[in-house]
Amino acid sequence: MKQKIPKPKLFACSQSVELATEIAAAYGCKLGKSKKNVFSDGEFQVSFEESIRGRRIFIIGSTFPNSDNLMEMLLMIDAAKRASARHITAVIPYFGWARQDRKDKPRVPIAAKLVAKLLESAGATRIITMDLHADQIQGFFEKPVDHLFASTIFLPAIKALNLDNITVASPDMGGSKRAYAYSKFLKSEVVICYKERKKANVISHMELIGNVEGRNVILVDDMIDTAGTLTKAADLMMEKGAKSVRAICTHPVLSGQAYERIQNSKLEELIITNTIPLKKQIDKIKVVSCAPLFADIMHKVQNNNSISGQFLM
């Protein structure tokens with residue numbers, strides 16, 4: 001006799017309640033009840049307000065800075081382990097500290113590896129995330145990692161624009177693989193920006209490799225932080241004769257003067273997902289939800305079905 005799989009429960013970390021609510025609605029259930037108590041010194045405690053014994057639970061929360069967001073995820077996982085959850089899946093739409101995936105100079109940490117080990121030590125039995133800054137971060141885990149691609153969301157959005165003469169562009173050399181993947185699907189040309197930095201988040205020089213004259217350019221990137229690189233690239237391409245420049249970025253970190261730079265740039269539109277909540281709305285930013293994608297993958301994980309059919313590229 002086939003044993004019935006108990007229904008999973010979905011819970012949200014406080015920084016991702018809005019996205020988690022969307023995911024739960026797309027999944028076809030309500031968010032589970034949990035609570036976060038904050039002490040006067042800033043320390044906090046999380047708790048599940050319903051039984052999770054013997055269940056698979058999905059804990060949904062992006063771990064963008066500050067570090068409280070990562071700490072809350074770790075405490076939720078630990079609480080679930082101690083409450084006898086059967087499986088604990090950490091759903092991390094934006095995996096923070098992913099830019100520190102290697103030693104790029106002496107005496108620095110590999111923070112992405114450390115975060116992976118912390119999640120495993122806390123008790124996570126599976127990770128679901130999207131558009132890691134570096135694919136090799138999957139290898140930092142000894143547990144299964146379902147690495148989703150926002151191309152599943154973005155490619156239909158690009159096609160809906162009905163643009164001709166599309167050229168896909170990468171704002172830096174590191175994103176060239178991503179740009180070529182998009183171009184293969186869209187059957188378009190590719191251009192690459194070469195940049196030199198004075199220091200983190202400060203660009204000293206940028207050159208364009210390829211021709212954009214008369215083209216509708218789509219810049220693709222996994223994340224947008226200060227928007228310095230992206231807006232400089234857009235302005236450079238318009239100077240080189242591009243017909244229009246749009247950008248798609250999975251994770252809207254958008255720190256510092258990012259919003260002002262985007263608004264004042266020659267970018268026609270910035271299309272992002274809701275892995276990180278926006279601090280404010282501006283005309284040039286369009287949000288497409290990643291909730292249906294995560295809900296579908298979570299269904300497949302719960303029912304032990306293949307997820308490979310979800311990947312467009």
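In this predicted model, Leu 10 is buried, with a relative accessible area of 1%, where buried denotes under 20% relative accessible area, exposed over 50% and partly exposed in between (1.4 Å probe, protein chains only). Local features need pLDDT of at least 70, side-chain atom pairs count only at pLDDT 80 or more, and totals for chains, interfaces and linings use all residues. Residues are numbered from 1 along each chain as its sequence is written, and side-chain values use heavy atoms, with hydrogens and water left out.

Leu 10 lies in strand E1 (residues 9-12), helices (H or I, at least four residues) and strands (E, at least two) being DSSP runs numbered from the N terminus. With contact taken as heavy atoms within 4.5 Å, and not counting residues up to four places away in sequence, Leu 10 touches residues including Ile 23, Phe 58, Ile 60 and Met 298.

A nonpolar core is a set of buried Ala, Val, Leu, Ile, Met, Phe, Trp, Tyr and Cys residues joined through side-chain atoms within 4.5 Å. The largest such core has 37 residues, those with the most contacts inside it being Ile 23, Ile 128, Phe 294 and Met 298. Helix H8 (residues 291-302) gives the most to this core, with seven residues. A second, separate core of 34 residues includes Ala 80, Ala 85, Ala 112 and Ile 127.

Ala 112 is also among the buried residues of helix H3, as are Val 115 and Leu 119; the elements covering the buried residues of H3 include helix H2 (68-82), strand E5 (87-92) and strand E6 (126-130). Gly 123, whose phi is positive, near 130 degrees, follows H3.
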